[in-house]
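Student: Could you take me through one part of this protein close up? I'd like to see how a single spot is put together, and then what lies elsewhere in the chain.

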Amino acid sequence: PPVKDNPVPKSNFDNLAATGRLFIASAIVRYMAVFQIYFGLSLTFADFYLNTEIVTPSLGLENVGWMAAIIPSASVIASIPLSATGTTPTGKKYGLWMGSSVFLVVAIAAVAMSPSALKDLRWEIAVFYVLLGVGRAVFETTNKAALVDFFPDERAAAAFSNNYAWSGFSPAVAFIIYTYMSQVAMGVLLLIVGALSIVAVARAYAVWYAREEDSRQRKAMIDSLALGNDNGKFEKEEAKKRIGIADDSSVVKDEHVYGEDDEIELGSVAIGAEGVIPVHV
């Protein structure tokens with residue numbers, strides 16, 4: 001028999017394929033990608049534009065490093081209250097909204113303030129770096145905690161792979177397109193993506209709540225199901241076999257939110273005139 005304790009490691013191609021399959025199959029991953037892209041675009045705005053075009057002329061090149069250090073420092077400090085507020089799904093959802101909102105403040109400043117006005121702020125521009133640090137803290141803590149909630153099973157690796165793919169791909173694109181954009185154009189882009197990220201987070205949680213409720217209902221159905229036969233009813237294990245589900249854990253793992261998430265797998269449950277029957281899609 002195969003040795004289960006020493007499985008054959010997956011190749012890089014297998015991991016890449018799993019990442020792509022989950023992105024195609026899961027609406028939650030696609031919605032969360034919008035927030036992850038927004039994180040990359042916002043931090044790149046600071047690296048590409050604020051550091052070089054605003055801080056360097058106004059404070060001098062020797063102070064760019066001090067200003068840039070504010071972002072990770074603020075991120076570390078902000079992660080402490082975020083860890084306390086992110087203990088529930090609702091807290092995480094609001095935390096993600098807060099992350100998008102602080103990035104939006106920076107985007108609004110890019111649209112509303114001229115480059116000379118930003119330069120005149122001098123050290124006061126550190127406020128925007130603090131906000132960017134808070135947004136980074138949300139990405140590093142709340143965003144990742146939400147992914148664990150969404151994918152507590154073997155799909156977690158592919159979910160985190162998507163997270164790093166989109167948060168890494170967006171800065172690469174930003175460094176290219178920002179070269180051809182004015183400050184206002186960059187701000188408008190960040191405003192649009194920021195608004196989309198707030199909506200996307202709401203949709204991700206709507207899909208997840210519906211999926212969890214569907215799983216709870218199907219699990220409860222197995223626990224209490226009685227199918228009539230000559231003896232009066234089937235036992236629980238017989239009911240699960242009739243439905244086509246091997247054990248309770250598989251009920252929780254499967255995603256069956258019809259019309260919301262695209263992951264409809266074999267062994268789904270439908271209720272029809274003949275009772276509970278397996279549906280093969």
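Predicted model: local features only at pLDDT ≥ 70, side-chain atom pairs only at ≥ 80, totals over all residues.

Tutor: Val 111, Val 184, Val 188, Ile 192 and Leu 196 make a nonpolar surface patch of about 380 Å². Helix α8, which covers residues 183–224, gives the largest share of that patch, with 4 residues. Take Val 184, one of the patch residues: you'll find Val 184 in helix α8. Val 184 has a relative accessible area of 42%, so it counts as partly exposed, between the cut-offs of 20% and 50%.

Now try Arg 122, in the loop between α5 (115–120) and α6. Arg 122 also has a relative accessible area of 42%, so we call it partly exposed. Most residues other than glycine have a negative phi.

What does Thr 142 touch, leaving out residues up to four places away in sequence? Its contacts are Leu 82, Lys 92, Gly 95, Leu 96 and Ala 137. Have a look at Gly 99 as well: Gly 99 and Thr 142 are 43 residues apart in sequence, and their C-alpha atoms are 9.1 Å apart in space.

Methods
Residues numbered from 1 in each chain as written. Heavy atoms only, no water. Contact = heavy atoms within 4.5 Å. Patch = residues over 30% accessible without salt bridge, like charges linked within 9 Å, V, L, I, M, F, W, Y side chains within 5 Å. Areas by Shrake-Rupley, 256 points an atom, 1.4 Å probe, with all protein chains shown as cover. Salt bridge = Lys/Arg side-chain N within 4 Å of Asp/Glu carboxyl O. Helix = DSSP H or I, 4+ residues; strand = E, 2+ residues; numbered from the N terminus. Buried < 20%, exposed > 50% of the residue type's maximum accessible area, 1.4 Å probe, protein only.
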